[in-house]
Amino acid sequence: MVLLEEEEKALLDEGSLPKEHGGPARKPLPAVCDPQRLAHRLLVLALMCFLGFGSYFCYDNPAALQTQVQRDMKVNTAEFMALYAWYSWPNVILCFFGGFMIDRVFGIRWGTIIFSCFVCVGQVIFSMGAICNAFWLMEVGRFVFGIGGESLAVAQNTYAVSWFKGKELNLVFGLQLSMARIGSTVNMNIMGWVYWKVQDLLGSTGHTTLGIALLIGGTTCIFSLVCALLLAYLDKRAEKILCKEQGKTGEVIKLTDVKDFSLPLWLIFIICVCYYVAVFPFIGLGKVFFIEKFKFSSQEASAINSIVYVISAPMSPVFGILVDKVGRNITWVICAVVATLTSHIMLAFTFWNPWVAMCLLGVAYSLLACALWPMVAFVVPEHQLGTAYGFMQSIQNLGLAIIAIAAGMILDSRGYLFLEIFFSACVCLALIAVVMLYFVNLFRGGDLNWSAKKREKFQKLAMAEAKRREKIRRQNEDDLAKLQPKNDFSLRNRYLCRLGAQLPANCVCHLSALAHRSVLK
Amino acid sequence: MLAAGSWTALALLWAAGGCVGRSAGYRRRGDPKVSLEYNPGWESSAVNLLHTRAVGLNDTIHYIWSTIGAPTALLVYTGSDSSTLHVNWTQLLSSSPAGAIRVEPADSVLYSTAVVFTRLWEYDGTNTSDLSKVHAEHFYPSYHLANFTWASLEGQLNKTALSAEFRGVSSGREGTFWNGSISFQVTAYEGGSRDGPLPRLLHSANSSKVEFVMQGVAPRGNRSRFALEILALEQGGRRKLLQSVRSIDDEYTPTIFEMAQLISEPHNNSFGSSFLQWKTAAYSSQNPQREDTVHCQYYPLQVVNTTGPEFSILRAYFGEDLERRCSLSAVNISFGSENNEAYEEKGYLSWSALVGFGEPPREGFSLLVIGILAVALGTPAVLLIVGTLVVLTRQEKPCSEYEPIN
């Protein structure tokens, strides 16, 4: 929160010079109400950040209340983990359609409101399931919640692009990301307390207590829904005042592209799935692990379980810059995977202070996110990027759903040591894939592991080439004056994208596809 | 190819692991022959005395399980394979039972010890489940197991599975028990292996399992917790030690990382030692799963100086001046932590421990764990080495066909 306020202050200072673009014909509006003024955009930014807060808060409710859920609903760990699996199932398919539905079916405003409603309704069903002592109803709730959650993240990023394109977009994405982490962290640390208070109030534990605690957690979703409504109103208003267009994701998904995917891309998919299944299900089951193995109190266990999110909030931008400056993505990915493996092995085989291992995991995880996801853009032509990212998220969700249930079953039958070894084996698979990717890239002469310097050199070459072609094209254009002139800016970007050069975020039209929840988490 | 091969090997290993687990029951040469005997030399079944005799190559372990007085397990280790138990029943059931139980020949007896289950505490666990922090007014009157009425063992004895069940109900004075009962299920082993149901204790042929079960007992409060008092005896100047063994391995008892054991103080001149070993978990179901885990807590050993008439078996074997010749210590084990539901929700609790001669069994990693780790860590390493070699051999080729542009 402090971080957010500081950032906003910085923004205010930077933007304190008045902007004099306002139409002279109109009566001047107060700064907060004028869509062109920074103060107003900050209001919108705050709304955007809180838009996702509810869904991030409620996503990890089960992890924060694992012991309570299992005790009150009388379910084993496999059934408990099904709560996470049910969240992932709809997203195996929805990853491909979220962008489409926002662009073509609902529009950004209605899309956001509808997805927010899904999130709210899902959480209410989830809580009702607990109150009525019907676990299947809780699963239904998570399914509905899943339909809304991931698509809401897409909508959130589309809003960000539409309001902040070309200016503070990176910062805005960063802030949204931090907000997501804050949501998860607050949830981990506060839900136990909420449950405890409700228990005090009712005088007993039980499924009713759990349901009411979850319902109280659900108020964050209502809050987010209110944000969605306000945002829709402000966006509509801005459209009228500024005559701007409704934001679009610009995602193009063509499933037939899948057959053209190259070997390096498939390897990247394997890394992605094998890596993330060893992180999220572990966090989902982590609390009890720290209580049982390391004798942590419930509060401490919540704190350490959320440390991965806490670390990745400030580290993600740092690593983002680092990877941008240095290049050599594969080397970074190898480092991150090895660090994660070390951390899992430390947790499995030692009684060393688990804060060390978890901090290492947090750092490794942030590094991986920064190094792995941009690689896709290097190995896929631009027009297939939407499909590639959609596919990647889809199989990631599939992997998460299956492994979540498998992890629960392993824990019930063979305990945490075995579970940790299973996760280590998954990370090892990711390591195998990344080592293979390294050699494949080396033999094929790919640019994945180039240093930033080398990339820059090639980028310059490419620029020169682009300029030369541009010249020829212009000459041709003069000849064919009837042809519609193309914006040279976008043209250059397209060439650079084809070459796999890294562009500033505001120039990349596919960036919003990057911004699904599972990607940025 | 290499990777695929090793993963296949892993699958085979998994299957092999399963087979080893299943074929656990068979006897090896050198494993003792175990026989059960109910009330040896006495026709009546009004009292229970179960004699388990495990004959090894040149030694014998006698276990005497009895509910005469408080439920007691007496362990006698002899250095002869023909030692026998003699019970003088009239003396044993009289008020001065000293000398009623003997193992002959007397000079073959090398070590003896005993464990007595004396009392069941019940207390109000609303504020805390920690027995040592509970105020005196939150304790209900305790159940003295010696005052229970124990059902006859006849019909409860399974000579092939080497198990027996002592079932007792409260005689009524100490509060309502409804139709609930307490039972001690005793199992002897002919070989070293691991139990099937949780907590899957690893046992050797030198040990026996005792499972304490509370079924359908009516608690006297809404948040009642129970605790069991166990008394252990050590002969001569030695004492008992309570140890906690923390292990990273919870493969067989999921999420339980601690083992507690009551062992004999190490002693140079004495032959033999014994142990009582348990995992810090009880279960609230007859077919225990992980989610039925009830945490148990144990408390420091207390020295006991006086003994009442309920220790008839101990007096019968160790003599009248029991307190002088032996050191007695008591340990409490409470069932349930703050996170566990109270007893009344399931109305069932079972807790298992091993009683045995010698050193307590130590757990090790299973073959499967080691196999998975070796394959998982080995494959990327091999891949890295092979890849590096290929790169090195490729680099040795002259790259003359390359010509700089411009």
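Residues are numbered from 1 along each chain as its sequence is written, and chains are lettered from A, with ligands numbered from 1, in the order in which they are written. Local features need pLDDT of at least 70 and side-chain atom pairs count only at pLDDT 80 or more, while totals for chains, interfaces and linings use all residues; side-chain values use heavy atoms, with hydrogens and water left out.

Let's start with chain B itself. It has 24 strands and six helices, taken as DSSP runs numbered from the N terminus (H or I, at least four residues, for helices; E, at least two, for strands). Of the 406 residues in chain B, 52% are buried, meaning under 20% relative accessible area with a 1.4 Å probe, protein chains only. Look at the contacts in chain B (heavy atoms within 4.5 Å) with a separation of 6 or more: 67% of them join residues 24 or more positions apart. The accessible surface of chain B is about 18800 Å², with 54% of that on carbon and sulfur atoms; the method is Shrake-Rupley with a 1.4 Å probe.

How far does the predictor trust all this? The model has a pTM of 0.82 and an ipTM of 0.86. For chain B, the average pLDDT (the predictor's confidence in each residue, from 0 to 100) is 83, and 88% of the residues score at least 70. Where pLDDT is low, the predicted coordinates should not be read in detail.

Now for the interface. Chain B brings 37 residues to the contact and chain A brings 36. Together they bury about 3300 Å², 70% of it on carbon and sulfur atoms; that is accessible area (1.4 Å probe) lost on being put together, summed over both parts. In chain B, the residues losing the most area to chain A are B:Arg246, B:Ile248 and B:Arg290, together 18% of what that side buries.

B:Arg290 also forms a salt bridge with A:Asp412, with the closest N and O atoms 3.1 Å apart. The count between the two chains is three salt bridges, each a side-chain nitrogen of Lys or Arg within 4 Å of a carboxyl oxygen of Asp or Glu. On the chain B side, α1 and α6 (367-395) each supply at least two of the residues that touch chain A, and α6(B) gives the largest share, 15 residues.

Technical notes: Buried < 20%, exposed > 50% of the residue type's maximum accessible area, 1.4 Å probe, protein only. Buried area = accessible area lost by both parts, 1.4 Å probe.
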